[in-house]
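The questions below ask what lies behind the words used for this structure. Each answer sets a value against a rule.

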2 protein chains.
Amino acid sequence: MSMERKEEIKYLGQLKEWIGLNREFEIIDLFADLHPADIADLIDNLEEQEKIHLFSLLDVEKASDVIPELSDISREQILEDMSDTKLAEIIDEMDSDDAADVIAELTEEQARAVLDVIEPEESEDLKELMKYDEDSAGGIMQSELVSVLETANVRDAVNAVINISDEIENIYNVFVVNDAGVLIGTIPLQKLIIAKRNDAIIETIDKSIPSVDVDVDQEEVARMFEKYDLVALPVVDSSGHLLGRITIDDVVDVMEEETSEDLYRIAGLDEDDNIFNEPFQSIKKRLPWLYLNLLTALVSALVIGFFEDTIKMMVALAVFMPVVAGVGGNAGSQTLTLIVRGLALGEVTYENSRKALYKQTFVGIANGVAVGLVVGIIAYFWKGIPILGIVLGLAMIINIFVGTLIGTLIPLSLKWLKSDPALGSHIFVTAFTDAFGFFSFLGLAAIFIKLFT
Amino acid sequence: MSMERKEEIKYLGQLKEWIGLNREFEIIDLFADLHPADIADLIDNLEEQEKIHLFSLLDVEKASDVIPELSDISREQILEDMSDTKLAEIIDEMDSDDAADVIAELTEEQARAVLDVIEPEESEDLKELMKYDEDSAGGIMQSELVSVLETANVRDAVNAVINISDEIENIYNVFVVNDAGVLIGTIPLQKLIIAKRNDAIIETIDKSIPSVDVDVDQEEVARMFEKYDLVALPVVDSSGHLLGRITIDDVVDVMEEETSEDLYRIAGLDEDDNIFNEPFQSIKKRLPWLYLNLLTALVSALVIGFFEDTIKMMVALAVFMPVVAGVGGNAGSQTLTLIVRGLALGEVTYENSRKALYKQTFVGIANGVAVGLVVGIIAYFWKGIPILGIVLGLAMIINIFVGTLIGTLIPLSLKWLKSDPALGSHIFVTAFTDAFGFFSFLGLAAIFIKLFT
């Protein structure tokens with residue numbers, strides 16, 4: 001059953017009432033009808049003690065479906081409180097990729113205890129999965145999959161699906177391997193249904209469906225799913241042995257994660273910051289970025305400090321200083337955002353980055369002239385000082401051009417240095433446009449005042 | 001065949017050489033082996049005339065697969081040049097959702113000509129699809145699907161899949177409807193394979209798989225796929241009649257689109273701006289945002305203008321003005337980004353927004369004190385003026401607090417006004433922190449100077 005927003009609110013009210021009255025049977029009844037994702041949503045909206053209490057009412061199978069859907073905070077609170085035996089039972093029921101993620105979040109002690117209790121075969125599987133970098137194909141793959149030998153026929157493949165269906169719920173393909181376990185090809189369920197039962201499986205396989213190496217970054221994996229419209233992708237080692245598969249639902253989560261990461265990094269935020277974190281955690285996470293920003297702002301202050309005498313001669317300069325810096329910074333942010341997004345989507349590459357730079361430079365000069373002229377005229381009529389109008393217009397042209405250039409170069413350089421192009425890039429771009437904007441504006445003013453007054 | 005980056009470069013060089021030598025057979029051979037998405041990538045990297053030439057070498061079926069994968073710019077260039085008959089043939093081959101998108105991009109004249117030429121039944125389908133808002137479930141659904149009556153058995157459903165497999169490549173589910181066409185349930189292919197051929201289909205259906213109303217926004221659709229780990233979702237009208245289906249590959253595209261939209265709107269960019277647009281288009285698209293920013297910057301200038309006399313008395317104020325404004329703006333951007341993202345992911349809701357506001361307020365005050373103390377001390381030691389240190393520290397505390405508050409309130413208010421919470425919100429937040437930062441800093445300075453000197 002899917003829940004509309006209104007229903008969710010109604011359920012939440014009902015649930016809180018039942019918790020108050022200790023009506024556990026009604027709660028268990030309600031949970032029996034709900035999708036695990038909806039149960040997780042309800043639990044996420046409760047207080048810590050209520051969360052732990054309600055979660056304890058779920059049977060092992062339901063609990064194993066709900067855990068991956070919980071918010072990070074709820075999951076942490078609930079796992080912390082759980083006995084090792086109960087935890088092991090639940091993890092035993094989970095898909096291997098989700099299980100490995102949960103174990104990775106436990107304390108080392110808890111993790112070892114759990115791995116000791118669950119079935120040895122599954123425990124080996126999990127230890128294997130946990131070796132891979134969590135941001136790689138290996139980190140998001142699961143070991144549950146259906147595979148048959150290349151000598152099998154279609155009937156064997158159908159039987160393989162039937163036999164494993166109790167354990168795996170989301171089968172989209174059967175993978176075909178040789179004796180050595182090397183991936184030969186993939187057959188989607190649709191093709192399996194169409195094929196004659198006695199056909200050799202090797203005749204029906206789709207060799208064009210790609211596979212991915214276990215070490216490839218998850219962002220690259222997401223791009224493959226997007227490009228080739230995939231629902232499942234086999235993962236292989238460097239010799240082509242089939243290790244696991246990645247399904248689209250995990251990729252969707254990766255995409256959301258990478259999007260948050262990009263947005264946060266542009267703004268100068270820690271990737272695990274969250275609206276509902278503990279306030280002191282948020283304070284601690286944001287403060288270093290604010291101090292970094294303070295540092296860059298003090299560089300600007302230093303630049304202005306050079307020109308105190310100039311400002312004393314013409315206080316109107318102080319009035320327009322922030323205009324030069326602000327609009328230049330905005331032009332830089334615009335370009336920065338386009339480049340960061342283009343890099344994330346794979347549209348901007350090493351080959352075409354030069355073309356991008358030329359184009360942005362041209363756009364920067366044109367927009368600089370368009371804004372510079374207007375602001376110069378406004379300043380002249382406002383303050384009646386011709387020099388001010390000219391200097392402001394010129395500085396604006398220069399700073400919008402510089403902002404656009406820097407907004408292009410910073411993310412490209414970070415990428416070239418194999419760092420994340422989005423990392424705090426907004427702070428660096430505005431640091432540059434601020435300092436340079438003040439320098440060009442006040443510097444030009446100092447020269448013009450010296451020459452013409 | 002999947003293409004690695006290096007291979008793509010090799011192919012591109014090869015392709016350009018062959019184009020120069022007019023070796024059409026080699027090119028056709030190469031294209032025969034490549035995935036449509038890879039062909040689209042290669043074409044995207046060519047000059048306009050080469051694009052049109054190479055595309056004309058594709059047969060109708062391949063062409064229909066390549067068109068949806070092309071970049072917007074390439075597609076526009078290629079479609080503009082194509083004859084109505086060729087276009088109609090290609091569109092006839094496409095999935096209805098892609099076909100409707102392509103027709104929507106044509107001139108009215110071209111569109112009418114194409115709809116007249118293609119099969120009447122398909123033409124009706126397309127006209128039907130094109131009625132829906134392009135950002136709604138109806139706008140991204142396709143009419144191609146497999147459905148059987150509730151009186152059917154599993155064998156009928158299997159036969160339905162077999163019969164339609166020539167036309168539809170990505171079948172994941174069979175939908176079950178009653179006489180009136182109302183959706184009763186869904187059965188995934190995996191379950192179809194497991195079930196006995198003589199079982200009634202009604203016994204095997206999964207009633208818990210959700211459906212979506214045709215008018216629901218695509219962002220909401222994407223959230224449903226994410227929450228319930230779906231690969232296909234039936235679309236129904238208000239009386240429950242099955243109209244079409246949405247598949248995960250389209251949802252992945254929606255997610256990328258919505259992410260770009262959020263990022264662009266925060267930065268003050270048009271959603272269809274792109275690194276490789278025509279320069280004059282980019283200039284035209286970005287200029288209004290820069291002028292808007294100029295306007296808000298002039299408001300700040302106006303605020304500073306009030307205090308020209310105060311600045312004349314203590315020029316050091318001009319030096320630290322941008323520090324107050326900049327760091328406050330950064331604190332605002334951090335909060336803004338968290339709220340916009342939280343709203344997009346459905347984590348921030350009407351009910352918990354008050355909690356979010358209280359928390360952000362607390363974080364704002366704490367970070368304000370942490371940064372304000374440091375900057376006050378620095379200013380005192382740098383300039384040796386006690387008043388400057390005190391005023392700067394106080395103004396910084398106030399402005400970081402205000403930035404955090406405004407960064408929370410602006411996106412929440414936009415959401416409450418049913419507008420996009422991300423729309424130009426960065427410009428508005430910094431406009432506020434700039435103006436307010438200057439006002440509090442210079443205003444406090446004016447008061448302190450009056451009182452203590």
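**Strands, helices and a contact**

Q: Which residue of β6(A) does A:Val236 stand opposite?
A: In this predicted model, A:Val236 stands opposite A:Leu242 in β6(A). A:Val236 belongs to strand β5 (residues 232–236) of chain A, and A:Leu242 to strand β6 (residues 242–247) of chain A.

Q: What makes β5(A) and β6(A) paired strands?
A: Two strands pair if there are at least two bridges between them. Five bridges join β5(A) to β6(A), and the two run antiparallel. The hairpin they form has five residues between the strands, where A:Gly240 takes a positive phi near 90°.

Q: How do you know that strand β4 (residues 212–213) of chain A also pairs with β5(A)?
A: The rule asks for at least two bridges, and two bridges join β4(A) to β5(A). These strands run parallel, with A:Asp213 standing opposite A:Val236 in β5(A).

Q: Why are β4 and β6 of chain A said to stand at the edges?
A: The open sheet of three strands has the order β4-β5-β6 (chain A), with mixed pairing. β4 and β6 each have a single partner strand, so one side of each is left without a neighbour in the sheet.

Q: What makes β5(A) mostly covered?
A: A residue counts as buried if 20 or more other C-beta atoms lie within 10 Å of its own. Five of the five residues of β5(A) are buried. Both faces are covered, with A:Ala232, A:Pro234 and A:Val236 on one side and A:Leu233 and A:Val235 on the other. Helix α16 (residues 248–267) of chain A lies across β5 and β6 of chain A, at about 65° to β6(A).

Q: Why are α20(A) and α17(B) called oblique to each other?
A: Their axes come within 9 Å and cross at roughly 40°. Angles under 35 degrees would count as roughly parallel, and 65 to 115 as roughly perpendicular. The helices are therefore oblique to each other. The crossing is right-handed.

Q: Which classes of residue make up the contact of α20(A) with α17(B)?
A: This contact has 12 nonpolar, two polar and two charged residues. Among them are A:Phe362 and A:Val363 in α20(A), and B:Leu287 and B:Leu290 in α17(B).

Q: How many residues does each chain give to the contact between chains A and B?
A: Chain B gives 87 residues and chain A gives 88 residues. On the side of chain B that touches chain A, helix α19 (residues 316–344) of chain B gives the most, with 17 residues. By class, that side of chain B has 55 nonpolar, 19 polar and 13 charged residues.

Conventions
Residues are numbered from 1 along each chain as its sequence is written. Chains are lettered from A and ligands numbered from 1 in the order in which they are written. This is a predicted model: local features need pLDDT of at least 70, side-chain atom pairs count only at pLDDT 80 or more; totals for chains, interfaces and linings use all residues. Two residues are in contact if their C-beta atoms, placed from the backbone, lie within 7 Å. Helices (H or I, at least four residues) and strands (E, at least two) are DSSP runs, numbered from the N terminus. Ala, Val, Leu, Ile, Met, Phe, Trp, Tyr, Cys and Pro count as nonpolar, Asp, Glu, Lys and Arg as charged, and the others, Gly among them, as polar. Axes are lines fitted to C-alpha atoms, for helices over the stretch in contact, and angles run from 0 to 180 degrees between N-to-C directions. Angles under 35 degrees count as roughly parallel, over 145 as roughly antiparallel, 65 to 115 as roughly perpendicular and the rest as oblique. A crossing is left-handed if the near helix is turned anticlockwise from the far one by less than a right angle, and right-handed if clockwise. A residue is buried if 20 or more other C-beta atoms lie within 10 Å of its own, exposed if 12 or fewer, and partly exposed in between; C-beta atoms are placed from the backbone.
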